[in-house]
Amino acid sequence: QGQFDNGLSLQGSVRYDNNDSFEDFTTYAVGVSYAFPNETSRIRASIGTGVQNPTLVEQFGFFSNFVGNPDLEPEQSRGWDIGFEQQFLGGRGLFDITYFNEELTNEIGSDFDVTLGASVPVNRDDTSDRQGIELAARFDVTDRLSTSLDYTWLDATEPVPVAAGGTRDAIEVRRPELELSLGFNYDFPNYLTRLRLDVTHVSGLFDLDFTTASSVSGNPDDDFDRVRLDDFTVVNISFTHEFSDTLRMQGGIINLFDEDYEEVHGYATQGREFFVGLSAKF
């Protein structure tokens with residue numbers, strides 16, 4: 001990595017994986033950014049590749065209802081992004097926008113084998129595509145109050161088999177289409193006590209219903225039905241208090257309003273949770 005006097009920065013890396021059971025792989029990542037002469041604007045871009053070997057469960061199975069596949073190939077990905085950030089009001093605020101695009105080949109999915117009566121992991125033939133936009137903003141309202149905003153729009157699809165042969169694109173599961181987070185920090189006048197409020201909203205989240213295998217539901221286009229999970233909003237609040245340079249108290253409430261929601265179909269999430277603790281340095 002290196003930085004030039006004209007505001008240009010470069011970085012790059014190369015990784016080589018030597019495998020016994022899988023093909024050897026070389027992956028890379030390259031990034032570039034340029035800070036404009038006004039010292040408040042920056043543009044950046046990056047490109048890179050990655051590889052993920054199959055897990056032990058995918059290779060060798062799990063109990064009797066998930067049969068392993070020792071012939072799986074590693075997943076491979078290539079992605080790039082470009083972004084722009086702008087400071088304003090003398091550095092009190094920052095706005096950042098990024099577009100990203102990625103494709104995944106050899107994605108590992110699950111097919112229901114009627115003969116075995118179990119799910120079997122397989123490599124998908126076509127490409128899974130992901131693209132989206134990330135927005136981020138930070139603003140110091142006063143010396144004691146600051147706010148933050150993070151927003152992600154994601155368009156993610158994966159290939160699924162169809163009865164006539166081949167594949168069709170379907171919504172990628174467990175990757176929400178929209179996610180919005182708002183954050184507020186407030187320092188009390190003594191600057192020893194800080195409050196933090198986080199509000200997160202998620203929508204457009206899908207998952208698989210594993211009770212609807214094609215042998216059960218008669219759905220010819222996909223082994224498992226994709227179901228949309230309910231949108232949800234979760235509020236967390238926390239605080240810290242510095243008794244001294246060596247003693248601090250922290251606490252908070254997770255899921256303040258006891259929101260009932262799912263991130264994985266059929267599995268409940270944590271309800272309202274309280275915590276408090278002390279930490280000391282010596």
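The model is predicted, so local features need pLDDT of at least 70 and side-chain atom pairs count only at pLDDT 80 or more, while totals for chains, interfaces and linings use all residues. Residues are numbered from 1 along each chain as its sequence is written, and side-chain values use heavy atoms, with hydrogens and water left out.

**Stop 1: the largest pocket**

A pocket here is an open set of points on a 1 Å grid over the protein atoms alone, with protein on both sides within 12 Å along at least five of seven lines; lining residues have an atom within 4 Å of a point. The volume is about 930 Å³, taken as the space filled by probe spheres set on the points, with grid points joined across faces, edges and corners; the probe is 1.4 Å.

Next, colour helix H1 (56–60) and strands E7 (108–113), E8 (118–123), E10 and E14 (206–209), each of which supplies at least two lining residues. Helices (H or I, at least four residues) and strands (E, at least two) are DSSP runs numbered from the N terminus. The lining has 14 nonpolar, six polar and 14 charged residues. Ala, Val, Leu, Ile, Met, Phe, Trp, Tyr, Cys and Pro count as nonpolar, Asp, Glu, Lys and Arg as charged, and the others, Gly among them, as polar.

**Stop 2**

Select Glu158 in strand E10 (residues 145–161). Glu158 counts as buried because its relative accessibility is 9%, where buried means under 20% relative accessible area, exposed over 50% and partly exposed in between (1.4 Å probe, protein chains only). Beyond four places in sequence, its contacts include Glu107, Arg168, Asp169, Glu172 and Arg226; contact means heavy atoms within 4.5 Å.

Move to Thr147, also in E10. Thr147 has 24% relative accessibility and therefore counts as partly exposed. Leu182 is 35 residues from Thr147 in sequence, yet their C-alpha atoms are 7.5 Å apart. Outside four places in sequence, Thr147 is in contact with Ala137, Arg138, Phe139, Val141, Gly183 and Phe184.

**Stop 3: the second largest pocket**

Finally, select Phe25, Tyr28, Gln76 and Arg78, which are among the residues lining the second largest pocket. This pocket holds about 160 Å³ of space. Strands E3 (25–35), E4 (41–52), E5 (75–88) and E6 (93–105) each give at least two residues to the lining, and E3 has the largest share, with four. By class, the lining has three nonpolar, seven polar and two charged residues.
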